[in-house]
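Here is a short report for a reader new to this structure.

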Amino acid sequence: MLAEIITIGDEILIGQIVDTNSAWLAQQLNLIGIKVKQITSVSDNETHILESLQQAEQRADIILITGGLGPTKDDITKHTLCKYFNTHLVFSNEAYADVEYLFSKFGRTVSETNRKQAEIPESCTLIHNYNGTAPGMWFQKNNKVFVSMPGVPYEMMEMVTTSVLPKLKEHFKTPSIFHKTILTQGIGESMLSDLIEDWENSLPNHIKLAYLPSPGLVRMRLSAYGGNINTLEKEVNHQIDLLLPLIEKYVYGYNDDELEKVLGSILIENNSTVACAESCTGGYLSHKITSISGSSAYFKGSVIAYSNIIKEKELYVSSQTLKEFGAVSQQTAEQMAMGVLKKYDTDFAISTTGIAGPNADGTDKPVGLVWIAVASKEKVFSKQFQFGDNRERNIQRATIAALAMLRKFILKQDIER
């Protein structure tokens, strides 16, 4: 079963927005056993849209379309679909009820422009949009399915999850597929591959492994294809049981687990609190920790000590330490962690100090050098990292490393030097 995704909008082609819809859609389709053949982006131009639809129909069984369904004149998708399917717009009372309900939640009346959102091609099946004014539309032609949806991500995602995927599974009787993703930190993709080579080579033919690296992390997705979903799940879990002894020290979770959420759960289980002292990460570490709902139960606060003066005054870092070893050093990182631990009277603390780049900030130390320290009232541990020269990636990688270090520190696991 093959699918093609078509995104419509000049804003994508000129780089004004990033097309995140296609990546998300491809993931969701893959989860139900539908392979994406191609992803296409086209402008708000009738000819371009019609040509793309014609070509997609030749390549795929399912064509998912996002974008161009707004109420303004530059949104032409509905009119173009009418032309492609040789139909015309009609007013849908069902679609209008959705629009009225949405406006009523904000105490507003429906404008004439937004009333037109309830006009849909006569030959389509309505897909309700409970988060916006543009309804989705389901078409069938020559045993192919076309689905047009809004380009606004949260509108499209809700529509796909609650309506489109169940309808596709029923219509095409898609095969069973089971995925489980192992989340690792502290080892690169190539080293990981070398470490598990024998295990990977012994996988049954119907179970596939994919490596999904990102800054500081590698996700390993196991996918099993076959008949019974419960049998597939048991087989994948058995393979993971065989794998874990090889990589257990790098594994922090599964599937959608976030490192900051895993850390938060550990802090709650231990009835512990944490604070941060940040230099090179500039508050990003604190942001990741507090992005988790309920983090107020364990996160007390942070000090973003970007200058040496703040390191001294707020974190009690010795001026002699800064003079002798510099701001980016093991000694400074450890004093920062102990300083914020004392300042906020927490059980644990994390500190980061480094040269994020792309310049060396007038020092003779290399760009990408980062020191991270974790501390408790009993001890402090620090570790040196050498990342690259990309500032944004260095901040991300330092943050991930810091979260991982504290997780292991609390669990009394080995933190490799």
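Contact here means heavy atoms within 4.5 Å. The model is predicted.

Helix H10 (residues 229-247) lies across strand E9 (176-185), E10, E11 and E12. It runs at about 20 degrees to E9. These four strands form an open sheet in the order E10-E11-E9-E12, and the pairing is antiparallel. Strand E10 (207-214) and strand E12 (251-254) stand at the edges. Each has a single partner strand, so one side of each is left without a neighbour in the sheet. Neighbouring strands are turned by 20 degrees against each other on average, direction ignored. Within this sheet, Tyr 211 stands opposite Met 220 in E11.

**A five-stranded sheet**

Another open sheet has five strands, in the order E14-E13-E15-E16-E17. Its pairing is mixed. The edge strands are E14 (299-304) and E17 (380-386), each pairing on one side only. On average, neighbouring strands of this sheet are turned by 15 degrees against each other, direction ignored. Thr 352 stands opposite Ile 372 in E16. Helix H13 packs on the sheet and touches strand E13 (274-278), E14 and E15. The direction of H13 makes about 140 degrees with that of E14.

| Strand pair | Sense | Bridges |
|---|---|---|
| E10 and E11 (residues 217-226) | antiparallel | eight bridges |
| E15 (residues 348-354) and E16 (residues 369-376) | antiparallel | seven bridges |

**H13 against H15**

H13 also meets a helix. The axes of H13 (residues 308-315) and H15 (residues 330-344) come within 9 Å and cross at roughly 40 degrees. That makes H13 oblique to H15. The crossing is left-handed. From H13, the contact is made by Lys 311, Glu 314 and Leu 315. From H15 come Thr 332, Gln 335, Met 336, Gly 339, Val 340 and Lys 343. By class, this contact has three nonpolar, three polar and three charged residues.

**Salt bridges**

Side chains of opposite charge can pair when their charged atoms come close. With a cut-off of 4 Å between a side-chain nitrogen of Lys or Arg and a carboxyl oxygen of Asp or Glu, the count comes to six salt bridges. One of them joins Glu 57 and Lys 141, with the closest N and O atoms 3.7 Å apart. This pair links distant parts of the chain. Glu 57 is in helix H3 (residues 46-59) and Lys 141 in strand E7 (residues 136-141), 84 residues apart.

Definitions and conventions:
Residues are numbered from 1 along each chain as its sequence is written. This is a predicted model: local features need pLDDT of at least 70, side-chain atom pairs count only at pLDDT 80 or more; totals for chains, interfaces and linings use all residues. Side-chain values use heavy atoms; hydrogens and water are left out. Axes are lines fitted to C-alpha atoms, for helices over the stretch in contact, and angles run from 0 to 180 degrees between N-to-C directions. Helices (H or I, at least four residues) and strands (E, at least two) are DSSP runs, numbered from the N terminus. Angles under 35 degrees count as roughly parallel, over 145 as roughly antiparallel, 65 to 115 as roughly perpendicular and the rest as oblique. A crossing is left-handed if the near helix is turned anticlockwise from the far one by less than a right angle, and right-handed if clockwise. Ala, Val, Leu, Ile, Met, Phe, Trp, Tyr, Cys and Pro count as nonpolar, Asp, Glu, Lys and Arg as charged, and the others, Gly among them, as polar. Two strands pair if DSSP finds at least two bridges between them.
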